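Dear colleague,

Please find the structure below, handed over for your review. The findings follow directly after it.

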Amino acid sequence: MKTLFLLMAQYNGQVVIPLDRVCQDYFSHLSPEMFLRKALAGQIKIPITRLEHSQKSAKGIHVQDLATYLDDQRAAAIKECQQLSA
């Protein structure tokens, strides 16, 4: 739950964060186009939010979805670390 509040502070209370900004901050190894392809193909499990029904509409990530994704990645890393040290 803390992740959500930290993201809200980072993005000045924005609910939907533009895709290019999420890429810049958390997926810097991917272009926004490659990130979108991977997300739509299910390789990155995070929902893409469109502000309109048009294919050309602005795309972003809901702040709650980003927080959940980051928390899930952290949980997976902790589990992996515990398995390696057991």
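A crossing of two helices counts as right-handed if the near helix is turned clockwise from the far one by less than a right angle, and as left-handed if anticlockwise. By this convention, helix 1 and helix 4 cross in a right-handed manner. Please note that the model is a predicted one.

**Helix 1 against helix 4**

Two packed helices are described by the angle between their axes and the distance between the axes. For helix 1 and helix 4, the axes approach within 9 Å, and the crossing angle is roughly 130°. Angles over 145 degrees would count as roughly antiparallel and those from 65 to 115 as roughly perpendicular; helix 1 and helix 4 are therefore oblique to each other. On the side of helix 1, the residues making this contact are T3, L4, L7 and M8, and helix 4 contributes V63, Q64, L66, A67, L70 and D71.

Two residues of helix 1 deserve a separate description. T3 lies in helix 1, which spans residues 2–10. Neighbours within four places in sequence aside, T3 is in contact with A67, L70 and D71. With D71 there is also a polar contact between the two side chains, at 2.5 Å.

L4 likewise belongs to helix 1. Its relative accessible area is 12%, and L4 is therefore buried, the cut-off being under 20%. Beyond residues up to four places away in sequence, L4 touches V63, Q64 and A67.

**The buried face of helix 2**

Which residues of helix 2 are buried? In this helix, residues 19–26, they are L19, V22 and C23. Viewed down the axis of helix 2, the buried residues fall within an arc of 100°, so they line one face of the helix. Their cover includes strand 1 (16–18), helix 3 (32–40), strand 3 (59–62) and helix 4 (63–85).

**The loop residue I48**

I48 sits in the loop that joins helix 3 to strand 2 (49–50). Residues up to four places away in sequence not counted, I48 touches L19, F35, L36, A39, L40, K59, G60 and I61. Among these contacts is L19, one of the buried residues of helix 2. From I48 to Q14, 34 residues apart in sequence, the C-alpha to C-alpha distance is 15 Å.

Note on methods:
Residues numbered from 1 in each chain as written. Predicted model: local features only at pLDDT ≥ 70, side-chain atom pairs only at ≥ 80, totals over all residues. Heavy atoms only, no water. Helix = DSSP H or I, 4+ residues; strand = E, 2+ residues; numbered from the N terminus. Polar contact = N/O pair within 3.5 Å; in protein donor to acceptor, adjacent residues only side chain to side chain. Contact = heavy atoms within 4.5 Å. Buried < 20%, exposed > 50% of the residue type's maximum accessible area, 1.4 Å probe, protein only. Arc of directions from axis to C-beta. Axes fitted to C-alpha atoms, helices over the stretch in contact; angles between N-to-C directions. Parallel < 35°, antiparallel > 145°, perpendicular 65-115°, else oblique.
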